[in-house]
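Colleague: I would like to learn how to read a helical model feature by feature. Please take one feature at a time, with the general idea before the case.

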Amino acid sequence: MRLVFAGILVAVLAAIVWQSTEIRGSAAIYPIVVSIGALVCSVAFLVARALAPAPQGDGGPAIGLRLPAGRALRLAAVAAVWLAYVVALPYAGFMVASWVALFVSLAITHGRPSLSGALGTAAFVLVFAILIKIVLYVPVPQAWPDQQLDILLYEWL
């Protein structure tokens, strides 16, 4: 079953790589590098799984996705958070949407939210946003916090 999902992932990433080549200018560098990197890693995983010897067992499926109910529910919740992130990104902006998605994902996977988790994810998103803006020059969806960071970085400094 993992081979099927890995194959689907490779196909989707190949489409993303193809689409990212349509981006013009310096904004194209980041999506092209990231999508090609993800594609290479996915192809390597797919090839390694396809060439691996089948495990000796009871004759059932060699690879399965059986998860305990609690883990499956957490996995579905994290997937829902990141789908909501894509929808919220144009409205909430990069910094707020990313912080909420990371913090809620952390809370789901670790059992309960904490102040250190909230502050740590906020610091990570702030540093990442600064790197995106002043090193990679990747345009991101803007809301009030993103605009204020731009003013701080480009007008005050």
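Modeller: Start with one side chain: Phe124 has 48% relative accessibility and therefore counts as partly exposed. Keep in mind that this is a predicted model.

Colleague: Why does Phe124 count as partly exposed?

Modeller: Partly exposed covers the range between buried, under 20%, and exposed, over 50%. Phe124 is at 48% relative accessibility, so it falls in that range. Phe128, at 29%, is also classed as partly exposed.

Colleague: How are Phe124 and Phe128 arranged as an aromatic pair?

Modeller: For ring pairs, look at the distance between centres and the angle between planes; planes under 30 degrees apart count as stacked. A search of the whole structure gives four aromatic pairs. One of them is Trp99 with Phe103, a stacked pair at 5.8 Å centre to centre with 5° between the planes. Trp99 and Phe103 are four residues apart in helix α3, so about one helical turn separates them. Trp99 is partly exposed at 30% relative accessible area, whereas Phe103 is buried at 18%. Phe124 and Phe128 are stacked as well, with 5.9 Å centre to centre and 5° between the planes. They lie four residues apart in helix α4, which means about one helical turn between them.

Colleague: Which residues do ring pairs link into a cluster?

Modeller: The cluster consists of Phe94, Phe124 and Phe128.

Colleague: Before going on, what is the secondary structure of the protein?

Modeller: The protein has five helices and zero strands. Read from the N terminus, the order of elements is α-α-α-α-α. For contacts between residues at least 6 apart in sequence, 51% join residues at least 24 apart.

Colleague: How much of the protein is buried?

Modeller: Of the 157 residues in the protein, 23% are buried. The accessible surface is about 10700 Å², and carbon and sulfur atoms account for 74% of that surface.

Colleague: Which residues have the most contacts inside the largest nonpolar core?

Modeller: The general idea is that nonpolar side chains in soluble globular proteins tend to be buried together. Here the largest nonpolar core has 16 residues, and those with the most contacts inside it are Tyr85, Leu89, Phe94, Met95, Ala129, Ile132 and Leu149. Helices α3, α4 and α5 (144-156) each supply at least two residues of this core. Helix α3 contributes the most, with nine residues.

Colleague: What is Ile132 in contact with, leaving aside its neighbours within four places in sequence?

Modeller: With those neighbours left aside, Ile132 contacts Phe94, Tyr137, Val138 and Val140.

Colleague: And Ser98: is it buried or exposed?

Modeller: Ser98 sits in helix α3. Its relative accessibility is 6%, so it counts as buried. Beyond residues up to four places away in sequence, Ser98 touches Tyr85 and Val125.

Colleague: For contrast, what about Leu83: is it buried or exposed?

Modeller: Leu83 is also a residue of helix α3, which spans residues 69-110. Leu83 counts as exposed because its relative accessibility is 62%. The C-alpha atoms of Leu83 and Ala101 are 9.5 Å apart, with the two residues 18 apart along the chain.

Colleague: Which residues form the nonpolar patch on the surface?

Modeller: The patch is formed by Val127, Leu131, Ile134, Val135, Leu136, Tyr137 and Tyr154, which together have about 660 Å² of accessible area. Helix α4 (residues 115-136) gives the most to this patch, with five residues. Leu131 is in helix α4. At 42% relative accessibility, Leu131 is classed as partly exposed.

Colleague: How many salt bridges does the structure hold?

Modeller: Side chains of opposite charge can pair when their charged atoms come close. The structure holds one salt bridge. Asp150 forms it with Lys133, and the closest N and O atoms are 2.9 Å apart. The pair links distant parts of the chain, with Asp150 in helix α5 and Lys133 in helix α4, 17 residues apart.

Colleague: Are the two partners buried or exposed?

Modeller: Lys133 is buried, with a relative accessible area of 6%. Asp150, at 22%, is partly exposed.

Technical notes: Residues numbered from 1 in each chain as written. Predicted model: local features only at pLDDT ≥ 70, side-chain atom pairs only at ≥ 80, totals over all residues. Heavy atoms only, no water. Buried < 20%, exposed > 50% of the residue type's maximum accessible area, 1.4 Å probe, protein only. Patch = residues over 30% accessible without salt bridge, like charges linked within 9 Å, V, L, I, M, F, W, Y side chains within 5 Å. Areas by Shrake-Rupley, 256 points an atom, 1.4 Å probe, with all protein chains shown as cover. Salt bridge = Lys/Arg side-chain N within 4 Å of Asp/Glu carboxyl O. Core = buried A, V, L, I, M, F, W, Y, C linked by side-chain atoms within 4.5 Å. Contact = heavy atoms within 4.5 Å. Phe/Tyr/Trp six-rings, centres within 6.5 Å; stacked < 30°, edge-to-face > 60°.
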